[in-house]
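Visitor: I would like to go through this model with you, beginning with the ligand site and then turning to the helices and strands. Could we take it one question at a time?

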Amino acid sequence: MTTTTPITSECNSNERQSGEPNHGRPNRLPHEFIPIPLTTPLPTQALAERYLHEVRADFSQHQSAIADWERHTCRACLGPDLETVLSLGEQPPANAYLKPDELSRPEAKYPLDVRLCTSCGMVQLAHVVPPELLFRSYLFFTSSSRHMADHFSQLMTNCANEFVPPGGLIVEIGSNDGTALSAIQRRDVRLLGIDPARNISVMAAARGVPTIAEFFTETLASEVRRVSGAAHLIVACNVLGHIDDLDDVCRGIKTILAPNGAFVFEVPYLGDLVAKLEYDTIYHEHLSYFAIKPLVTLLNRHGLRLERIERFEVHGGTIRCVARHGEGMSRGVADWLNDEVELGIGDPLTWETQTRQVAANRRALLARLLELKASGKGVIGYGAPAKGTVLLNYCGITTELLPVVIDSTPAKQGLHVPGTHQPILAPSELERLTPDIILLLAWNHAPEIVAREQALIARGGRFLTPRLEFLP
Ligand code: JHZ
């Protein structure tokens, strides 16, 4: 039997579990937000991942239909003073993995140039690849790392405890497969996920997380407000950097945030990118690289006050920020601004040094891989993250130097890395491959991967990071 099932779940998970209506407003959303009618009942994760292969964006086909564009003003202060400070060349979109029959076709490539706003210090890409191409079908799943799933579950639990009254509304922007929201599914709160990735919204809906498969915009925010009322908590993790029009996002936040509500977001911290040479985290999806000063500039222009900043090690160094309606910033935040001046984050000279270090890392990594090949060592890559695509393409690491990569995400297996074309294999292949050296492309998951791959290490395999450190 075939049924038509909307991606947007129609009732709150609390309603479904208890059979009782929610406090306050209903959490129903109008049918115009239902983007894809499915022809099967709600799928399991495996089914959703198969479905994903069918809806993958074909960049070569869409290239002429949806044009990329270049910005000439800063995303944080709107000023015109953008200076190119680092160029990683022309690269394919980092998550545009290829099917075997696409390998002989030309791939769409776009400039990957980092610009610094010399007025407010915002570091950003000016070249914008259409978000419809990057995010409608997405191959990154929050649940692919146990550690990250725990991190986001804790964030959601702690924030719900602190900011949300019984029956209150929690909205997550960039809710991915619903991992974070599902942590508080059994509570007396109303949940709403928003994520443009249709394939992944299917998964979120399948686990009972009501999800709108759309981009978050001021227009959508107004509709959410009209239907569900104000949000006591808005969460946005690793998503602000992906959005070109940050003014529109801030207006959307202002529209739905309750007077005492909190906007909690996480972004990779620019200070860590610079200090730890994390240039492989620069890719077309990441349009902004946040330091505190430009963040305050942006939020203040929209009547949002930055109150709290916490640091976490995840994704190579992340900040969790809490903003509320208001002006200015807390004293703690002001201390960060002073530290950033000392670190020289917004100084073009810092970027001159960074450019030299990036080029030196490329030379050293290539030299090491050539040496390993010459001495007959078997080398493979571990992880097919977006950052892996950037590293392999920027450094020119072809299949001659690195013949395959391993990734635990079923939806990526059987595909190939954009640009450099390594096939992506399942971890079960490791026993057959018995590599000597494993280049850890997903270096941000080192503890989890090293713990999982003890058998590989026992067989003599050694993990090497892109910054040329052996683990553990
Ligand atoms: P990972 C993501 O970037 C995506 P990416 C996104 N654009 C973002 O903003 C940043 O994070 C912050 C695999 N893996 O997390 C799964 C294993 O194979 O570094 C993933 O494909 N075995 C939203 O794409 C990849 O590695 C494992 O044991 O750079 C990791 O991708 C584990 C733990 C992961 O994300």
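Visitor: Which helix supplies the largest share of the shell around the ligand?
Guide: This is a predicted model, in which local features need pLDDT of at least 70 and side-chain atom pairs count only at pLDDT 80 or more, while totals for chains, interfaces and linings use all residues. Residues are numbered from 1 along each chain as its sequence is written. Helix 14 (386-395) and helix 16 (446-452) each supply at least two residues of the shell, helices being DSSP runs of H or I with at least four residues, and strands runs of E with at least two, both numbered from the N terminus. The largest share, three residues, comes from helix 16.

Visitor: Which residues come nearest to the ligand?
Guide: A residue is near a molecule or strand if its C-beta atom, placed from the backbone, lies within 6 Å of it. Of the 22 residues around the ligand, those that come nearest are G383, P385, A386, S408 and A442.

Visitor: From which domains does the shell around the ligand draw at least three residues each?
Guide: The domain bounds come from an automatic or database domain assignment. On those bounds, the shell draws at least three residues from each of domain 1 (13-51 + 137-346) and domain 2 (366-471).

Visitor: Which residues of helix 13 are buried?
Guide: Helix 13 (residues 348-374) has 27 residues and reaches 39 Å from its first C-alpha to its last, close to the 39 Å expected at 1.5 Å a residue, where the expected span is 1.5 Å times one less than the number of residues. A residue is buried if 20 or more other C-beta atoms, placed from the backbone, lie within 10 Å of its own. What covers the buried residues of this helix includes strand 2 (82-91), strand 3 (110-117), strand 14 (379-382) and helix 14, and the buried residues themselves are W351, L365 and L369.

Visitor: Why is one side of strand 2 and of strand 11 left without a neighbour in the sheet?
Guide: The open sheet of four strands has the order 2-3-4-11, with antiparallel pairing; two strands pair if DSSP finds at least two bridges between them. Strand 2 and strand 11 (288-289) stand at the edges, so each has a single partner strand.

Visitor: What is the bridge partner of V123 in strand 11?
Guide: Strand 4 (residues 123-125) and strand 11 run antiparallel and are joined by two bridges. In strand 11, V123 has as its bridge partner Y289.

How values were computed. A residue is buried if 20 or more other C-beta atoms lie within 10 Å of its own, exposed if 12 or fewer, and partly exposed in between; C-beta atoms are placed from the backbone. Two residues are in contact if their C-beta atoms, placed from the backbone, lie within 7 Å.
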